[in-house]
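This briefing is meant to be read beside the sequence and the structure. It takes up the ligand surroundings, then two individual residues, and ends with confidence.

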Amino acid sequence: MAQKVLDVKDLSIDFDTLNGTVKAIRDVSFHLDKGETLALVGESGSGKSITVRTIMRLLADNETITNGTIDFEGKDILKESKKEMDKIRGGKIAMISQDPMTSLDPTMNIGNQVAEPLRVHEGMSKHKALEQAAEVLEEVGIPNARERMRDYPHQFSGGQRQRIVIAMAIIDNPDVLIADEPTTALDVTVQAQIIKLLKDLKDKIGTSIIFITHDLGVVANIADRVAVMYAGKIVEYGTVDDIFYNPQHPYTWGLLDSMPTLSMNSDRLNTIPGTPPNLINPPKGDAFYARNKYALKIDHEKQPPFFKVSDTHYAATWLLDKRAPKVTPPESIQKRQAEFKKRGEADHD
Amino acid sequence: MTKYIIRRIFYLILTLFIVASVTFFLMKFLPGTPYSNQAKLQPSQIAIMNQKYGLNKPLWDQYLIYMGNLLHGNLGTSFQFNNQPVTQLIAHDIGPSMQIGTQAMIVGSVLGILLGAVAAIKKNTWVDSGATFISILGISIPSFVLAVLLQYYFGYKLQWFPVALWQNFSSSILPTLALAAFPLANVARFMRTEMVDVLDSDYIELAKAKGDSERKTITHHALRNSLIPVITIVGPMAVSIMTGSLVVENIFSIPGIGNQFVQSILTNDYPTIMGLTIFYSFLLVVIILVVDILYGIIDPRIRLGNGGKE
Ligand SMILES: Nc1ncnc2c1ncn2[C@@H]1O[C@H](COP(=O)(O)OP(=O)(O)OP(=O)(O)O)[C@@H](O)[C@H]1O
Ligand SMILES: [Mg+2]
């Protein structure tokens, strides 16, 4: 069995707001295996960013972690001292942020910015750190990196800046790389280049990656496993194949249906009707109940536990309960499942 | 950059020219005449004096003569101070003014920056509220009121500092404080706003994510980024110190050019008023120019112009 680098258990997070306490993350558990890429998907506001920022202990002023542990190298990140945390950040766990246009210090040249983690974590001399920064910048594909070390962020394009941010993140060989929508702010061709770069780097340095994205195409391309979040909870997780071809939670169905695909040649995009519930008073039952065409009565009353679909695949929906009536998923999902079955049989032969 | 500076210097000269012209004509409409004992003078005596000072010539000629002299760095001679050249008067009295002006500038900006930075770092705590309170006081109390208050408490009551005597460094402390309060408050407010924004920015978050300690994120990233926009208010700060000094010098009997300016206005000493106005304007436009150039040097986004590729 693969070794876990990161193990998040029962994480719950509240935000104090003027309207009341927002229960933004509710009992989230997941783990990250060594060398794997885990994609975190879900609608806007489902709590993806908050979850990963908590792994880095980057909390907002009004944020409280009410429950949970994050096990990393045998210790609970949530209990580390400030000083220990500074060591972990950027050293063992690094982050790539969403908007490369705003995530570099406009008044510091890129050489110094990229070298900073080495200076902080390895206590490396400036000269040596800069030397290594130049190498990494070359590695991530900045042309003439050596000559451009003294240039400032505004002298680079968006795609180049994201490469610089990536260089900054990988320079100290992190065990875990957190990428929160690293390509959302870029245009399509550049997106593809950055995804390719991340894939290459992953193969080369063997980092484990948590990858947040809205783009299911990217998930299929880069991820090994997927966790689907809805309203502050994980509702389903499994391998990419599990989620794409054998999805069980109606929310995952909706999500997959809203994904433009070439093979299914559907000419319209289905968005999931309705909006997520207000998390100041989260619903007693399944948070997706109100928007769920396939909802059962019990969904309204009781939170569904995780049901095991396979060794790798779990989903939190009452539909998987033995007593539940059989429902037929939407046609598009049936097609996916049929294909999944076919493959499974092919594998057995 | 050089082209930019040359262009700016051209505008600077143009500005001074306009200031000189406007003041020249405005001043001619000041009520009264330069002669303190006008009533006792015979018309013939006045005529002689007017001739002596060139005041009988047509306005236009007076203007041309004045501007001609100005080009040669000659600001004319004072009416009241024993016919001393105005340039000499300025040179003689500039010392104390420069001293308190510079001191006020330094105290105002350094303390203002510190206060603003601390307020931003401790946002929404009592420290922040305290800083806001100080800023509001500093902005709303005019410098002359503050001057009188300081004079009364620390000069007269407590006798820590001289009341109105220009002697040594300790005489400069109260006037410096009186002048520094407004710029200090302004800088603090501005700095706080900037720094709150910066501390909230993505690159500060990413700096933390890189492992920078809280202290290092502030010293290496947040301070410089917040300071750059603060540089822009140094110009207005200089203005408030200059105008404040007119009254503050008077209150503390400081023999500086601010005091002299007030005297020259009270006595219709045209050449001195003109000379000082032009001198003040000159100082001001030079400060603004220097600030703009500094801004360009410190902010890489401006320094490099559009030389980078996008
Ligand atoms: N500082 C805060 N105060 C109050 N509520 C917050 C705060 N930060 C986040 N939230 C709430 O927490 C929830 C989760 O936010 P989060 O940023 O993790 O969403 P997300 O899944 O990353 O969405 P997106 O895809 O748009 O990035 C949201 O409903 C948001 O309103
Ligand atoms: Mg997010």
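## Ligand site, two residues and confidence

The largest share of the shell around ligand 1 comes from H1(A), which contributes three residues. The model is a predicted one, and its overall scores are an ipTM of 0.86 and a pTM of 0.84.

- Helix H1 (48-55) and strand S1 (4-17), both of chain A, each provide at least two residues of the shell around ligand 1.
- There are 15 residues around ligand 1, and those that come nearest are A:Ser44, A:Gly45, A:Lys48, A:Ser49 and A:His214.
- By residue class, the shell around ligand 1 consists of eight polar, four nonpolar and three charged residues.

**Polar contacts and cover of ligand 1**

- In the side chain of A:His214, an N or O atom is placed 2.7 Å from an oxygen atom of ligand 1, while a polar side-chain atom of A:Lys48 is found 2.8 Å from an oxygen atom of the ligand.
- A:Ser46 takes part through its backbone, where a polar atom is 3.3 Å from an oxygen atom of ligand 1.
- Taken on its own, ligand 1 has 640 Å² of accessible area, of which the protein covers 68%.

**A:Ala315**

- A:Ala315 belongs to strand S12 of chain A, which spans residues 313-315.
- With a relative accessible area of 0%, A:Ala315 counts as buried, because that value is under 20%.
- Apart from neighbours within four places in sequence, the residues in contact with A:Ala315 are A:Val235, A:Glu236, A:Gln248, A:Pro305, A:Phe306, A:Phe307, A:Val309 and A:Leu320.
- A:Ser81 lies 234 residues from A:Ala315 along the chain, and the C-alpha atoms of the two are 35 Å apart.

**B:Thr176**

- B:Thr176 sits in helix H7 of chain B, which covers residues 169-199.
- The relative accessible area of B:Thr176 is 4%, and this residue is therefore classed as buried, the limit being under 20%.
- When residues up to four places away in sequence are not counted, B:Thr176 touches B:Ile100, B:Gln103, B:Ala104 and B:Val107.

**Confidence in chain B**

- The average pLDDT of chain B is 85, and 94% of its residues score at least 70.
- Within chain B, confidence is highest in helix H8 (residues 202-209), at a mean of 94, and lowest in helix H2 (residues 43-53), at a mean of 75.
- Residues 306-310 of chain B have a pLDDT below 50, and in the model this stretch makes 12 contacts beyond near neighbours in sequence.

Notes: Residues numbered from 1 in each chain as written. Chains lettered and ligands numbered in written order. Predicted model: local features only at pLDDT ≥ 70, side-chain atom pairs only at ≥ 80, totals over all residues. Heavy atoms only, no water. Near = heavy atom within 4 Å. Polar contact = N/O pair within 3.5 Å; in protein donor to acceptor, adjacent residues only side chain to side chain. Areas by Shrake-Rupley, 256 points an atom, 1.4 Å probe, with all protein chains shown as cover. Helix = DSSP H or I, 4+ residues; strand = E, 2+ residues; numbered from the N terminus. Nonpolar A, V, L, I, M, F, W, Y, C, P; charged D, E, K, R; others polar. Buried < 20%, exposed > 50% of the residue type's maximum accessible area, 1.4 Å probe, protein only. Contact = heavy atoms within 4.5 Å. pLDDT = per-residue confidence, 0-100.
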